[in-house]
Structure formats: structure tokens, C-alpha cells
Amino acid sequence: MTNADTVAELRFEPPAPGYWERDPVHFPRPMTRYWQEVHPAAFARGTGDFARFYGMLMGSLASAYVHGFGYRSMVPVADEEVPARFERATEVMQGKLWREQLRDWDERVKPESIRAHQAVQSVDPAVLSDQELVEYLTRCRDHHAAMIAQHMRYTASAVVPTGDFLAHVGDWTDVPPAELLGLMRGTAPVSAGASAELERLIAALEADARARELLASGDDPAQVLTELRALDGEAGEAVSGYLDLVGYRLLDGFDISEPYALAMPDALVRAIQIAVAGRDLEGADVEAAVADIRGKVPEQHRAEFDELLGEARLTYRLRDERGVFSDIWASGLMRRAVLEGGRRVAERGLIHEPVHLIDAGFDEMCSLVADGSGPSADELAARATERTTRDPKAAPRSLGDPPPPPPDASGLPPDVARLMRATGIALGHLFGSSEAEHDEEVLRGLAASPGIYEGPARLIAGPSEFDRIVTGDVLVTQSTTEAFNILLPLLGAIVTDSGGLLSHSAIVAREYGIPGVVGTREATGRIGDGVRVRVDGDAGEVTVVE
Amino acid sequence: MTGAPVDALQRVPLFADLNQREVKQIARLFKQRTFPAGETVVQEGSGGAAFYVIESGEATVFVAGKEYSTLGPGDYFGEIALIDEGARLATITATSELGCYGVTFWDFRPLVESNGVIGWKLLQSLARMYREARAG
Amino acid sequence: MKGTVPLVKAHETALYGSKAVGLGQAIRDGLPVPPGFALSGAIVEAVAAGNDRAIKQVAKTARPLGGPLAVRSSAVDEDGAEASFAGQHLTLLNVPSSEHLGAALSEIWWSANSDSAISYRQRVGLFTRPSVGVVVQALLDPESAGVMFTRNPINGADERMIEASWGLGEAVVAGQVIPDSYRIHRSGEVLQRTPGFKKIAIRTLPEGGTFEQEVPPELVEQLCLDDGQLAELNGLADRCEQIYGPARDIEWAFADGKLHLLQCRAVTRSGS
């Protein structure tokens, strides 16, 4: 049930000046008040860290919430820092400094994080006094905030080498990016939940008939897990070790409103069953796919192909590890603490259900536990209902100013341009998957100028309509001539009905470094004026995204 | 005939404080230009290179997509481009065939730079225009 | 006033621009360029400024060509600079005769001094005043024409990429049709022949000017170049590369069964 009637009354105002974009991939639903309090500062810190490490022209990313929906905006770096950033970007690309980050992650940050999670986890909130619980809530909150920043800090190292690989191979062949991402398969066991603990668990279960019987019994999953834990010897220890590692990971999403694994025993049991049933040895398949694609790359680029693929594979597992070992775990621990608080506060008749405490802000949680003061039971219940029933379709894709045009890569030092392109492509492909939930219209044409750009389409019949173009628009027109040049500095991308790769539109799009798709035949017939489109100049595709 | 008619230029506020000889010097720099009806003469947001005085025809001025005013013979536009290389502040479209006289900033600048008097007078005009804009 | 020479005598790019000198050099090297004249940047500016003597001089110079004329910009600091200025040079195909050159040259001068030309120059780091010469030639009436890059501009592969359509090559340059797309290995092996969707052809009018002719349905998706013509184009690509170096952007036309070279310039960094 959606409260579609009241949704119509919601006004979405930009949270601050600038261009704000929704992130429906990571935040598909409204977030809790607690999350809205904690996330922005940690997010800004972590994104600022990776931008500085990689010498990006971004200062940081700001996040803000409008009616619970997450929006983000880029804060550019200060002008006076740009030269230092250029230098750093060159250093990064030449020295492959993501390897440094990867090493840091493996040798220090991940093990320390696991220890920190386990330290917080080892406290049983049920035995704490009210005052101690409030202190523990604070400890969990601080830990969560630090872990959110940590997750973001490693974003670029997960993304840049992959994006760099996609960018180069996209230039050399016409293999679609989705297929290229498949070459990373087999290098990220943690996506499937695998770890040393799981390996140990599989070995133990394979050796223990009684354990295997339990697993296959089809009994109540919570019961199955309890009994597995209670087994003697290696099996029981292995099960406990595994559950300790994954038990408090959120199964989906990032907010404390999401359940953690231990609360869904059937999911856990299924994961163990699959792992024990047989590891999917995709190694051989992947190597064949690599050889096939390598064969499509022109000979003079093959050595570079190998190098780029190597770097991408090295860092690909960071994509999942950086979440799972950071805030996905810390959020589960916070939830656990809040649920204990909720249990007590509900028992005292102050709220209707323990889970409603999830919708209190942090200070409200603490005061309700400490002395019972804070929002009423009905108020919290109403918040929970609103948050879970608000229709995401009501939230506009963007707020505030029109999107800034993509930076002019042709004026940048080559390593900086390469870094920007790698980041853009990777983020577009790795995190664009949720677009499937919208009605998609994909138009195909010739991939005239590389890059991906999203913005409002502007149908222009000729020079008399030029005044309708606003900075950041995607020009959609039959064909272009010199007369259209006056618009070029304003455009984010070019789409035409006719024309080839050597036509005026294709050449100026490449010249200006903006994505271009020409020869679509019917762009002006199929794309509505003002609708948001994504122009993929590498794939030669134009997609209506709303 | 080369250049623009002197009397057309004398009406331009930017040149209001110049004497006839000085205006003649500037007038010589102008070239005729004709825009077909419907053509965008100047695009809001894009870099500006030339200043135009209209001799014949009509043009419409749009600011942020909304119609703002119309221009006809004797009117001028784009003068800020002569001083400041920033973006055009409005979009101007020729409603009929538009006959103009135009001068680009790199024809105009050397004259101003070498003639301190003209430069000084232009600065005074700009200051006055600025004060009027702020008051209004 | 100095300022007009036959193309074959155009040597100084500082006066006539690199397109004129390029075409002049091509003629001197024996390449099949239609004959014509080069007009200097100075005389083009004088014509645009309304100088009567200059106007009369250019009309007289071009009279032997008859009409209609193809009038093309030849910007003085073009190729050699890092950007193609693609689209910054105006080509006027509808100049009925030499008496109409004055207006054409004025249009070309303003196009080189337009807002977008200036922004473009600033963007690519050129802060000098533009100077634009002009090339005047008799306009051809081709059966088919188009563009050839001697290196693939999308992926840098060492092969010729050709886009072709019926009638004047403007249809390909201005992207008014989806042209046939061909790729040829430099050995001559044809790697790709993809028919386009060539609904219109740009044709000349006897009294001057051009018009968009609707292409008969059976020709819309029929390849407009046969293997013999592709071989000729590959040969032309070879000769241009030998003379000028790799990565050439060539405009060509088949008229009266003969291959003509209309333009040959460097493919820019971003164009490749």
C-alpha cells in the first residue's frame, strides 16, 4: 500500500544550492532519521579522502535527504588546489597507487576493522544497564560513522582500475562493457560471501556426516543453525566462526532499518548449503572469455590490455569488501543495539513495537532509553509507516540547478583525463544496474564520440530554436551544420537522426570531448523534448531514463 | 563605403562621451553583416566576440528563455563583449532579415589600448551604466 | 592589391591559409584537385569591410571559372594547430557566379569571427586574431562523394574509413544522410561494406545553388561505391599519405567517372 494521496502534497526542494542527484541504486527507499543524521558528515569525509588520494577534481560529495530520499551533490575542489590535484592524478596513474591502497586495506585496515567489529560485537547489549546501553549506543554510532567514511574512502580504488580497463578496451573493440565486467568473475569470492571462515566451514561440514544431515534436514532454519553451532569439535567451531563473521552483516542496503543475517536464518542456511554443494569453478570459463576478447583487441594494444586487466582484477574485490567489512557490518551492530533499546522502551509502554525505535533520531533513542522522554509512541509509529510506504517514484531524479556540463577533458593533462574517464565509465556501469526498474527505450546509432552523459534532451529543429538550449542539455536533432557550433560550449552530448562517424556532428562531438551518437534514424521521433536521456557514446546507445 | 555610419554610433551610450573624431575612428572598424530571418545572432551563455549596431530589420531579445524586448534600426547589442570576454547575457534572434554593423573585440581593443582618451571615456560610460543598472 | 593567385601558385600559409596551400601543393604533386584560386586573408577582410576595389578584384579573378562556384574558408592558423576546427570553416556551395563573391566572402569572414569561432579558439588555446583566406573553385556535379579518413578515427586502427553518399559530399560532411560506411585495409582488402540510408542527394542547380533531391527508393540502401572505386580511393589515400604523412582527412568526389580530391588535411588528435 502506498500513500499515493499524501505523496502528491510533498514538495521536493533542493537541500542547498547546486545540482543534486538521486542515488536510487544505494538508497532506493527513504532512510531513517538516524541515518540522515549520521551519513552526511561521514560520507563527505570518506569521499573527500578518496578524491584527495586520487588527485580528482572533486572536493567531496555532499549527501542530503529530502523526505527521506537520498540526494548527492558534488563539491568541486578549490581552484588553488587544482595544480596539486593534477600532479597527484599523474602520480596515481603512473605509479598505480591503487595498489598501495589495496595493500593498506589487506594488511592493516581490513584486519583492524574486523577486530573493531568483533570488539563491539562481543558486548551483549541485553546485560547492560540503561546508562551503559546509552553509552553503548554512542559507541556503536561512532563506530558506524567511522565505517561509513571508510567505505567511501576505498571507493576509487575499487573503481578506477576497472573503469580504466573498460575505457581502453571500449576504445579498441566493440565488446559491451557488461561483457568486459564478466572478465572480473572469479576474482571476488567475497561477493558470494566466501572467506577463510567459509572455507573452513565447508571443509568441516564435508568431513562431518552429522552436520551435513542437519543442513539437509529441512527443519526450521533457526533451529538448524542453533544445532549446528552446538556440534562438538571442528564442525561446531567452524559454524560459530562463520556466523560470527557474517551474522551481523545487513543482508541488503545500508540503513539500520534493514535486517541482518542472523535475523534471517533461512538465508544463512541456504548460503551454507550452496557453498557446501560445490564451488562454482568458473576459472576455466573466464580464461576462455579473456582470450576471446583479447583476440578482438588490435595487436599493438594487447600488452596494454593484459596490464589493464591485471590491475582491474587485482582491485575488483574491493568493490564488495569495502562495504562488507566496513559499514554493512557496523550498521548491523547498531541495529542490534537499537533493537535492545526498543525492547526495553516498548516493555515500558513508551512505544508500540521495539522496532519503532529505529525511526527515532539518535538523541531521541538515548533519551527514551535513559529517562523515557522523547517522541510519543504514535509519532514513532507514524514515522515508520511513512518511511516504509512512501512511493520512491515521487522523488525527482534531480533537484536544484541543471547538471553542470562534463568537464572539458581535452584541456586536461592526459593522466587526469584518463582518471576522470575511468571513474565516469566505472560508476556508470557498476552502479547503473537499477535502471531496469524504469521503462527503458534504447535507441541505437553509431558510437561517434566516447563517454557517457545524462541530461535533459532538447529537440532542436534549427537555428530559430537555439534559444531553448540550456547549459547541460543533450542536443537532439536531425543533423548539424556549422550554424550549430554556437551551441557547442553549452552541450553535454549530441544525438542526431542521420550522419556518419565522419560527419560534422561526430567530428565536433569528438573535438569538444562530449559523448555523441549519430545516425540513430529516429531520435527526433522517439525522444520527447525535455525528457532525461543517457547518451552512451561508447556503445552508441541513447536511453530514456524516465 | 567602409565602416559604420557615424551618427548610428553616436547614439550608443558606451560612446556617448566621445567626440566626433573619436567616433569616426571607431566607426571605421565596423563591417556590415546580414543575418537571415530566424537566425540566432547571439546565444546566451556562449562566449561573445562582437558588438553590433542594427541598420535594418528587427530582432528579439530572450533572457533565460523568456522574451524580454525587441530591437530595431538604431539599436545595438553585445557591447559588453568589447570590454569583458565573459558569456553573452541574452539570446538575440533575428525576427526579420537583420542588417547590422559589427566590430569584433580584437579590432576594437587595440584602438582603445593605444588611445588612452577613448579608453578613459569608455570607462566613465561603463561606470555610469553600472550605476544606472544598480539603481534600476 | 596582392592577394589572389591560382591555387597551383599558393605557397604561403600565412597569406592564404593551409587549406589553399594544401590544395595548391596537391595540384603541384599531381593529385586530381579541381583548379581554382586562393584569396588571401587580407583581401577577404577588405571585401568584408566593403572595400570596392577589393570586391572588383576578386570578381575579376574568379570569372574564368564560370559558375556555380564552391567557396571554402582557408583559415590561416588551422591545421598544425591541435584542433581540427571542424565546422569552423564555412563552405558555401551555392555561389552562382563570381559577381556574388563579395557577399560570400563577407559571410566567410564573419563565420571566422563569430562568437562560436572565438569560444572555440579560446577553448583550444589560440589567442591570436583569426585570419581567413578563401579557396574558390568551380563546383562539381558528382555521382557520389564523401569523406575518407586514412586512419580509423574511433579506435585508431590502421585502415581507411570511408563514408559515401549520392551527389555532393556535403550530405556526408553535414550529416544529412546515414552514409554508406566502408573500411579498407591499406593492402586494399575491403573489411567492411555497410550500406547507409541515403534518402537525399544534394545536387547543383544549373543557375547556381543546390537542392535536396529525393533518392529513388532502390538506391537508398544500395552501395554507392563499387570495388573499383574503393581501390581508387585506397590508391588516393596511399598517395596522400606518401606526400603528407599519416592520418589524413580527405574529401573526395566521383564526377564524370573521375575521382577528384577536394580536401586533404590532418586528422586532429581528438578526431583520431
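Biologist: Which residue forms a salt bridge with Arg294(A)?

Modeller: This is a predicted model, in which local features need pLDDT of at least 70 and side-chain atom pairs count only at pLDDT 80 or more, while totals for chains, interfaces and linings use all residues; side-chain values use heavy atoms, with hydrogens and water left out. Residues are numbered from 1 along each chain as its sequence is written, and chains are lettered from A and ligands numbered from 1 in the order in which they are written. A salt bridge requires a side-chain nitrogen of Lys or Arg within 4 Å of a carboxyl oxygen of Asp or Glu. With the closest N and O atoms 2.7 Å apart, the partner of Arg294(A) is Asp306(A).

Biologist: Is Arg294(A) buried or exposed, or partly exposed?

Modeller: Buried means under 20% relative accessible area, exposed means over 50%, and partly exposed lies in between (1.4 Å probe, protein chains only). Asp306(A) has a relative accessible area of 35% and is partly exposed. Arg294(A), at 29% relative accessibility, also counts as partly exposed.

Biologist: Why are Asp49(A) and Arg52(A) separated by about one helical turn?

Modeller: The two residues form a salt bridge, with the closest N and O atoms 3.5 Å apart. An α-helix has 3.6 residues a turn, so residues three or four places apart point the same way. Asp49(A) and Arg52(A) are separated by about one turn because both lie in helix α2 (residues 33-54) of chain A, 3 residues apart.

Biologist: What is the relative accessibility of Asp180(C), which forms a salt bridge with Lys198(C)?

Modeller: The closest N and O atoms of Asp180(C) and Lys198(C) are 2.6 Å apart. The pair links distant parts of the chain, 18 residues apart: Asp180(C) is in strand β8 (residues 180-185), and Lys198(C) is in the loop between β9 (190-194) and β10 (200-204) of chain C. Lys198(C) is buried, with a relative accessible area of 0%. Asp180(C) also counts as buried, and its relative accessibility is 0%.

Biologist: How many salt bridges are there over all chains?

Modeller: One network of salt bridges links Asp130(A), Glu340(A), Arg343(A), Arg344(A), Glu347(A) and Arg348(A). Over all chains, the count of salt bridges comes to 43.

Biologist: How many salt bridges are counted between chain B and chain A?

Modeller: Contact means heavy atoms within 4.5 Å, and 9 residues of chain B are in contact with 8 residues of chain A. Between these chains, the number of salt bridges is 0.

Biologist: Which residue takes a positive phi just after α2(C)?

Modeller: In helix α2 (residues 18-28) of chain C, the buried residues include Ser18(C), Val21(C) and Leu23(C). Among the elements that cover the buried residues of this helix are β3 (69-75), β5 (132-138) and α9 (227-244) of chain C. Just after the helix, a positive phi of about 85 degrees is taken by Gly30(C).

Biologist: What share of the residues of chain A count as buried?

Modeller: Chain A has 21 helices and 12 strands. Of its 546 residues, the share that count as buried is 54%.

Conventions:
Helices (H or I, at least four residues) and strands (E, at least two) are DSSP runs, numbered from the N terminus.
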